[in-house]
Amino acid sequence: MKILIIEDEKPLSDSIVEYLTTEGHLCEAVYNYEGAIEKIELYEYDCAIVDINLPDGSGLEIIKKIKADLISLGIIIISGRNSLENRIEGLEIGADHYLTKPFHLAELNAHLKSINRRINFSGHNEIIVNEIKVLPEEHRAFVKETELKLTKKEYDLLLFFISNKNRVITKISLAEYLWGDFMDTADSFDFIYTHIKNLRKKLLNLGCADYIQTVYGVGYKFDLTIG
Amino acid sequence: MKLLTKTTLNFLSVTLFIFLFGIVAFYFLLREQVDQNINFELEKRKQSILTELNAVGPATNLPPNPNERVVIHMLTDDEKSPDIVYADTLIFDHAQKKYIPFRKLGFTATYNKQKAYIQIFKSLEESDLLIIRIFLILTLLVIVLILSLLLMNRITLKQSWKIFYDTIKKIGHYDVNNHEQFVLQSSDIKEFEDLNRVIQTMTNRINADYINLKEYTENASHEIQNPLAIINSKLELLLQSSDLGEHNYKAVVDAYEASNRLSRLNKTLILLAKIENRQFPESRDVNLKEIINNQFELLEDLLDSKKIRIENNIQTNFTVNMSPYLAEILFMNLIKNAIRHNIKSGQIIIQQSENTIKISNTGPESNLSSEDLFKRFHKSSESSESLGLGLSIVNKICEVYQFEIGYNYEQMHNFTIKFKQ
């Protein structure tokens with residue numbers, strides 16, 4: 001995917017570029033409103049990551065411009081302001097997701113993957129990693145053509161793992177992805193463990209390789225090099 | 001003691017003191033004056049008697065006067081003539097059957113070549129009556145004067161102090177969080193006007209400082225989000241690299257966890273500031289049963305892990321006018337609290353009576369002080385992972401909407417919220 005990153009904090013922008021580049025995306029970063037408008041007019045992108053507070057303008061204006069020009073691209077807002085109004089306004093003018101800073105790169109990546117699926121396959125697609133196949137629009141998953149009976153949380157977990165395959169995924173980012181902000185992380189770690197244990201058992205039962213690896217003290221890794 | 005009472009008492013004691021002494025002194029002065037007058041009259045009478053005695057003849061010719069008696073006592077030659085003397089005396093009056101005060105003048109005169117001791121008695125009854133009347137009238141006058149002065153003073157002071165008491169009351173209810181304008185009544189008394197002006201200046205300054213501080217914290221919290229995002233993303237990237245030694249890896253993990261905790265803390269503080277500043281969507285009628293059931297659904301994992309049974313006895317049509325967003329946060333925190341401090345296989349019961357909702361949990365008995373409970377960063381010792389901000393968010397929301405929140409322990413830990421009607 002070709003991604004435009006509009007974020008005035010250069011170090012943060014660099015982190016996003018680094019993370020997404022290793023995922024095989026093509027990233028371009030601009031640090032202000034002017035630059036963003038210029039890039040959007042000149043080039044085509046699949047997705048834009050937009051910070052709302054830019055030194056010379058508002059990210060919301062950029063999104064409005066994109067939508068006015070009928071450019072079809074996925075939009076993820078990243079903002080330091082976590083107010084409901086901002087969130088609603090952002091989503092109303094056509095953003096796909098609204099992430100509050102500080103966010104987890106793995107979470108950003110998972111959202112990008114779902115936008116990618118929506119844009120490039122119009123939803124009719126299947127994700128295949130080794131012996132696992134997921135049909136996102138139907139919320140179904142298969143191992144070697146046998147359907148996995150998953151709960152909603154387990155399904156979300158599997159999708160999040162696949163989106164961030166071969167990477168260290170922290171427990172905290174998992175917790176926030178699955179339960180949002182409201183759950184205290186310490187509480188949710190226990191449930192993550194339970195849900196992961198169940199998911200792993202179900203995968204193993206259908207003869208799948210043991211991809212879910214525990215990274216001691218940090219979290220997990222969906223390691224496709226195993227097996 | 002009220003100032004008014006004190007001044008009244010002082011006023012009364014001084015006036016009574018002066019009044020008592022004055023009245024006594026007045027009485028004696030008056031007495032003195034009257035006596036002098038009578039002496040003068042007696043002297044005049046003496047002269048007239050002397051003239052009459054020498055001119056007219058026998059004393060019996062003297063014209064009778066009920067208030068006056070003249071006693072002539074003939075003296076023998078060897079009797080010594082008494083000195084001329086004024087004196088007070090009592091004489092029994094047979095008609096009135098009582099002693100009547102008289103003033104007498106005794107003197108010697110020569111009558112028919114014989115020495116006679118003449119005493120003139122003049123009744124003091126009338127003059128005494130006069131003194132008493134004057135005395136009574138004056139006393140009455142003074143008392144009326146004192147009373148009316150007192151009354152007028154009280155009324156004036158009460159009027160003036162009204163403003164003072166109003167000011168006191170307003171300062172007593174002063175709340176920096178209250179967004180209403182702090183206005184004091186103006187007074188025609190300079191002192192009170194000065195007081196009000198000083199207080200007004202002071203509260204204005206407090207308000208300005210408070211708003212400054214709040215803006216500063218809010219801005220700081222928002223500005224912290226960016227660096228935090230950078231730290232988090234860099235640490236996340238570091239965690240992906242395989243060439244960190246075990247030692248460094250542990251350090252990165254610790255830093256990552258700490259920065260995440262800081263993020264949560266910061267987000268919560270921003271939320272608290274937002275509630276304080278009333279920056280949340282508009283109020284509407286919120287169905288609480290629905291809201292609470294939604295929270296139970298969201299917290300399903302938490303409930304299941306402790307095998308907690310729930311009971312939601314709120315009427316299906318019970319609504320409260322508030323921001324739905326804040327209603328969610330309110331009950332999310334209360335229910336989370338009820339789960340966290342519950343025992344395994346415990347119970348959460350939510351009951352409603354009129355406009356009060358009671359959330360009870362079967363947590364182990366402990367001595368919680370309901371005052372500390374709602375303070376920021378208050379933590380019970382057992383679960384140190386929580387930020388200790390949940391209940392202070394609850395408290396803040398209740399404060400904004402003027403709901404009454406309470407806590408007590410009766411076999412269960414009960415949190416009650418009394419909603420405003």
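Guide:

**A strand in the open, and what lies beyond**

Of the nine residues of strand S2 (residues 85–93) of chain B, the number buried is zero, so this strand lies largely in the open. A residue counts as buried if 20 or more other C-beta atoms lie within 10 Å of its own, as exposed if 12 or fewer do, and as partly exposed in between, with the C-beta atoms placed from the backbone. Helices (H or I, at least four residues) and strands (E, at least two) are DSSP runs, numbered from the N terminus. The model is a predicted one, in which local features need pLDDT of at least 70 and side-chain atom pairs count only at pLDDT 80 or more, while totals for chains, interfaces and linings use all residues. Residues are numbered from 1 along each chain as its sequence is written, and chains are lettered from A and ligands numbered from 1 in the order in which they are written.

S2(B) is joined by nine bridges to strand S3 (residues 98–111) of chain B, and the two run antiparallel; strands are said to pair if DSSP finds at least two bridges between them. Within this pairing, B:Thr89 has B:Phe102 in S3(B) as its bridge partner. The hairpin of S2(B) and S3(B) has four residues between the strands, and B:Lys97 takes a positive phi near 55 degrees there.

Further along chain B, helix H3 (residues 190–240) packs with helix H4 (residues 246–276) at an angle of about 155 degrees, their axes lying 9 Å apart. Axes here are lines fitted to C-alpha atoms, for helices over the stretch in contact, and angles run from 0 to 180 degrees between N-to-C directions. H3(B) and H4(B) are therefore roughly antiparallel to each other, since angles under 35 degrees count as roughly parallel, over 145 as roughly antiparallel, 65 to 115 as roughly perpendicular and the rest as oblique. The residues of the contact of H3(B) with H4(B) divide into 13 nonpolar, nine polar and two charged. In this scheme Ala, Val, Leu, Ile, Met, Phe, Trp, Tyr, Cys and Pro count as nonpolar, Asp, Glu, Lys and Arg as charged, and the others, Gly among them, as polar.

H3(B) also leads across to the other chain, for H1(A) and H3(B) pack at an angle of about 30 degrees with their axes 9 Å apart. These two helices are therefore roughly parallel to each other, and their crossing is left-handed. Among the residues that make the contact are A:Leu12, A:Ile16 and A:Tyr19 of H1(A) and B:Ile230, B:Ser233 and B:Leu237 of H3(B). By class, this contact has seven nonpolar, two polar and two charged residues.

Taking the two chains together, 31 residues of chain A are in contact with 32 residues of chain B, where contact means that the C-beta atoms, placed from the backbone, lie within 7 Å. On the side of chain A that touches chain B, the elements that give two or more residues are helix H1 (10–22), helix H4 (84–92), strand S12 (168–170) and helix H8 (185–205) of chain A. The largest share of that side, six residues, comes from H1(A). By class, the side of chain A that touches chain B has 14 nonpolar, seven polar and ten charged residues.

Technical notes. A crossing is left-handed if the near helix is turned anticlockwise from the far one by less than a right angle, and right-handed if clockwise.
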